[in-house]
Structures are given as structure tokens and as C-alpha cells.
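Please open the model in your viewer and keep the selection tool at hand. The stops below say what to select next and what is there.

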Amino acid sequence: MFDFLLYSIFALLVTTMSLYLIRHYVFSLTALYKRKGQPLYSLHGLSFRPTVSVLIPARDEEAVVGRLLNRITEMTYPKDKLEVIIVDDASKDDTSRIADEFANTYAYFKVLHRGADVGGRGKARALNNGVKHATGEILICFDADYYPQVDIIEKLTGYFVDPEVGVVQGRITVLNEPITLVSKLVALERIGGYRVDQLARDNLGLIPQCGGTVCAIRRDLIEYLGGWDNNVLTEDTDLTFQVYEAGYKIRYANEAECYEEAVENWRSYWRQRHRWAKGHMQCFFKHLWSFTRSRNLRLREKVDGLLVLGLYFVPILVGLSWLLGAVIFFVYPVNWFDSIWALLPVFMYGSAGNFASFFEVGVGIYLDRRVRVSWIIPVLLMSFVFNVFICSKALFDLILSKVAGRKVHDWAKTAHVGGST
Amino acid sequence: MLFLLIAALVFLVLVFSPLIIELKKPRDKGPRRIFRMPFERRIRSSSKKPVMIGLSSADNSSTGKDLEDILNKAGAKTAKIGKDTTRIFCDVVFSPRFEVSDNIVVEGALTVGDSCVFHRSIKAKGNLYIGSSVVVKGNVVSEGNVTILDDAVIGGSVHSEGSVKIGENVFIALSVVALGDVELHENSEVKKNILTRGVIKMLRHPRVDLPPGLDEID
């Protein structure tokens, strides 16, 4: 009986990982061979010019916020249709002064100062505050460390000629890639995640994700949804599922590129990924039922959505199947050949990791016509192993806070140094 | 043992399929014929008879919930997108002089009778036919071909993943963006750009095929 249970759990784990493996494979092949008329919608940006409010939540971002604001002044979008709202979220450094200087110089810049009593409690709260003062038909969010293309607004807003589109997500690439091994690994993850994963999901009519930054949203949609959920740590994933449940679609605009400053050390990497994992798991429990029952979604969208929701459980399952595989291999060996299948999850892991897997990253690098960065692909295994611990800890913390009845979670802010420019 | 063999086989197929595709790829032998996209194959349209909307005079205009009721009465399955968009899950024909205040998203072909007024945008996953003197205040989007008959006014852009045919005296306030050919009458006006991967033809007498079912509703 115990053996049967052990083998059943093991088979279930391997099946789940195989599903993710096939998913990554389908995405990679789609990115390679299916070239849909992607930039067609962004061409509408040449004439379709809705009013736009750019929202920039910033907390202690003096090192980087000036760079972004300066870049926005260089943008090609007509300034009479553009409004920039900087939400100074209780900053203790010079962020507030820099933002005020821009607001004094440019009429289309506004600064909202949130005091220490209300500020610093997460990005969702800052964004909700910004929406209240926004007048544009389309909202575009940028994190303070981002550096967009000058025509990114046209590229993103062009998609809104389609009444079904609620959110448009742009591509994120890493600005400080050469600095450390960690930033190089993040760059690889971004290449796989955006150039292959998001693009394929868009082309296959699945669920491209809203990344929370470099994304454009209809203002009436965000008002209809009641704003961003303040209690979810990944307000972007939460928004993705809310948008689909409301019947809208998310489009991915690969041609709308924006640089970000990636984390540069393992400590920051841990903090950021821990927040993402915990927030994603919150979304899993929040949306599992409502998403599955939504009338607005097709079966393939529901399947992909469920796989996206379960993404951060995969490293935990990987860890579990390693353990189980080792137990079965060493404790119950009949002979070496009969029990070799117990090592299956080890091989599965290489293909079905938490983030963009090796193959997906390789395809992304090939499509981007880059070579040198591919040399560090094997090091991705390190971040995969790291993610097993990060996600396990995130699940443990989430269970603890559920047991303790805590609804508000600490928002671990990622520090930016702005050393790349 | 069997499981191991099947798993190994699946794994091998998955790993080596890109290699096989790459090896089977046709060799580049210099200038090639320009590839023309077979649009018609991809265009969605259900085999069922389209649902006629607004045949009785009482139903000639609709807002929000009313539209859903009219559609449901006519036998169309619908769903709401946000607060001001209605999705219809079948081919639809709107009768002449019908007025709609919502955005409309049709999961099949859409035919709009003469003199209809849409206060927002319309989208069809199949072909889209717009009758004479129709006013669409928003954008017109189709994943198939778009045909716009005489004297229509489009307040936004026209987007088509197929071809676009535009009749006489049509006014389009923004752009036309299409994957296929764009044919327009010389007396029509597109205020901004015409962008296409096909051919742009300006004709004195463009042949505009009448949509199926339009004669039934007049």
C-alpha cells in the first residue's frame, strides 16, 4: 500500500513536470516557426492617439528616477495628450526633490507626495493613488529604474483600437547585464520569458501576462475592476487574471522594448523572487475557482492560466520529486535497470524549471541573434536550485500568515543603484 | 519498464523534432515568388445561419442590458466584457437603422445593415461587412476581410488581417491597417495612413461583393 502511494505521488509529480516541459517546448517551437503579424497593431500608433497618463510609483529611487523622467521628456508622443504622474511613496531620499524639479519645468508632469503615515506599503497602493488623479484614457506604468524606447507609447497604445484588448504588455530587457553573474542570469530569464514565452502565448491566443511595468491599461477597465488589489504582493499577476475574468484580453507587444535595472546580488535576488513567489501563490488561491468557471475564457486559455497560476509551485514539486526519486532509487532497488526511471525528475528538471527553461532561453538568444550570453546558460541550473528553496520558503511563509490570519504582507522593495548609465 | 520506454521515446521526439524540422527546411535558391497569405482559410465563420438582430421596429436601438436581451431573444449566446462591451458567440446580421451604444465583439462574421449607428467600436473574428451610410464612431477591427459600402463614416481606424474594400464616399477619420490588399474608391477619404503588406488599389468602380444575407434583411 505504502509503495503504491509512493509510486502514485511520484508519477503525479513527473506528469505535472512533463506538462510544463511540453508547454515550454510548444512555446519555443512557436516562437521559432510561427511568425504572426505581430507589429501590425502597433502601426495604429501612428494615427490613433488616445490621451495617456504615465504612472511612476517611486520610493527611495533618487539614483534612477531622474534618468526615467528625462527619458520621458524625449518621447515622441504628443505632449498635449500626455500626462506624467510620479507617485512619491514616502521617500526618505532625494526622489521627491528630483520629481518636483521636473514638475516645475514641464507642465505635463505631476507629483503626488504620499506621507510616511500612508506611503511605503506597496506598489498597488501607490498606483491606486495615482489612478485617482489620472485623466488619460490609457494608463502606462513604469518602475522608476526603467529606461524605455522614445516611441514606446505609440507602440503600446496602437493595440487599443481593438475593443477586446484591456492591457498591452511591452518587452523588458536588462540594462545592467554585464555587471554581475546574477544580472546576467536575470537577463537570460528575461530573454526566455519575454522573447519566447510571452510572444508564443500571444501568438497562440493564450494568456500573456501583465508584468506590472511597461504595460498599458485602459483606465475605465482599472476603474471597473476597482483598482489594484492592495493585499496581493504581485499586483501584476492578480491584474492579469482579473482582466481575463472580466472578458478582456492582454496582448504582448514584443516591439515595445524597455530596459530595466536587474538585481545584482543573490540577496536581492532572493528578496525579489521570494515576493514574486509568495504573491503568485496568493493569486493561485484567489483565482483558481473564479478563473476556472469564467464564461469569457476558452478551454486552452483556462489550461494555460492554470499552468501560469501553478508556476511557482513547480520548483517545490521538483524538490519533492528529487527526494522521492532518491528514496525510490536507493531504498527500493530491485535491480539498477528497473529503478533507473526514478531518476526521471532529474532530467525533467533541466527542461521544466520554474522560469524560462534552457531550451526556451536558447531559442530566445538565437532569435535575438546573440552569442556570448549563451555561454552562461548552464549556470541557470544554479538559479533553478536556488528557486527550489525560495519557493518552498514562500509557501511556508504564506501558510504561516494564513494561520496567523494576516491579510497585509510586507512588501520587500528592490533597491536600485543606477550604476549602469 | 514500458513506462520508461514510452517516456524515453517521447523525450527523444521532443528533443530531436526541431533538428528534423531544421534539416527538412527548403534550401534558399535565390529570389522567390512573393508569398501571398491564404486569408480565407483562417477566417472564422460558423456553419449555422447567422442570428438576425433588430428585425422588429421596437428593437431598433439598444443600450447595455437591452442589447443583451435582444440578442438572447434572437438566440445568440452573449457575454459581457467589462461594463460597456458585448461579446456575441455566433455570426450576426444587424438589420438596417439599428443603433448600438456598446462596443461589439463578434466571434464569427458580422454584417451591418444600411444606416446603422455604432457609438463605439466593432470587432469581428470573421469577415466584416458594413452596409451603406453606416456610422461607426469608434474603430473597425476584423480578423478576416473588411468590406465597407458607400457613404459609410468610420470615426476611428480600420484594422484587418485580410483584405479591405472601401466603396464610394466613405470617410475614415484615422488609418487603414491591413495584411492583405486595400481597394478603395477614388471618392473615398482616409484621413491618415493606409498601411498594408499587400497592394493598395484606387479604383473608379471597385467591385464590392454584397455580403450573404444582406438582401434578406432589407
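Are helix 9 of chain A and helix 10 of chain A roughly parallel or roughly antiparallel to each other? Before you look, note that this is a predicted model, in which local features need pLDDT of at least 70 and side-chain atom pairs count only at pLDDT 80 or more, while totals for chains, interfaces and linings use all residues. Residues are numbered from 1 along each chain as its sequence is written, and chains are lettered from A and ligands numbered from 1 in the order in which they are written.

**The helix pair.** Select residues 266-293 of chain A, which form helix 9, and residues 299-309, which form helix 10; they pack at an angle of about 170°, with their axes 10 Å apart. Helices here are DSSP runs of H or I with at least four residues, and strands are runs of E with at least two, numbered from the N terminus. Axes are lines fitted to C-alpha atoms, for helices over the stretch in contact, and angles run from 0 to 180 degrees between N-to-C directions. Because angles over 145 degrees count as roughly antiparallel and those under 35 as roughly parallel, helix 9 and helix 10 of chain A are roughly antiparallel to each other.

Next, show the side chains where the two helices are in contact (C-beta atoms, placed from the backbone, within 7 Å): helix 9 of chain A contributes residues including F284(A), H287(A) and F291(A), and helix 10 of chain A gives K302(A), G305(A) and L309(A).

**The sheet.** Now select the strands of chain A that form an open sheet of eight, in the order 3-2-1-4-7-6-8-5, with mixed pairing. Two strands pair if DSSP finds at least two bridges between them. At the edges, where each strand pairs on one side only, are strand 3 (109-114) and strand 5 (147-148) of chain A. Strand 4 (residues 138-141) and strand 7 (residues 215-218) of chain A run antiparallel and are joined by four bridges; to find one of them, select I140(A) and its bridge partner A216(A). Helix 6 (residues 181-203) of chain A packs on the sheet, where it touches strand 6 (165-174) and strand 8 (249-260) of chain A.

**The domains.** Colour chain A by its two domains, domain 1 (2-31 + 309-403) and domain 2 (37-298), whose bounds come from an automatic or database domain assignment. The centres of domain 1 and domain 2 of chain A, taken over C-alpha atoms, are separated by 29 Å. Their contact takes 31 residues from domain 1 of chain A and 29 residues from domain 2 of chain A.

**Chain B.** Finally, select chain B, where there are four helices and 23 strands.

Methods: Parallel < 35°, antiparallel > 145°, perpendicular 65-115°, else oblique.
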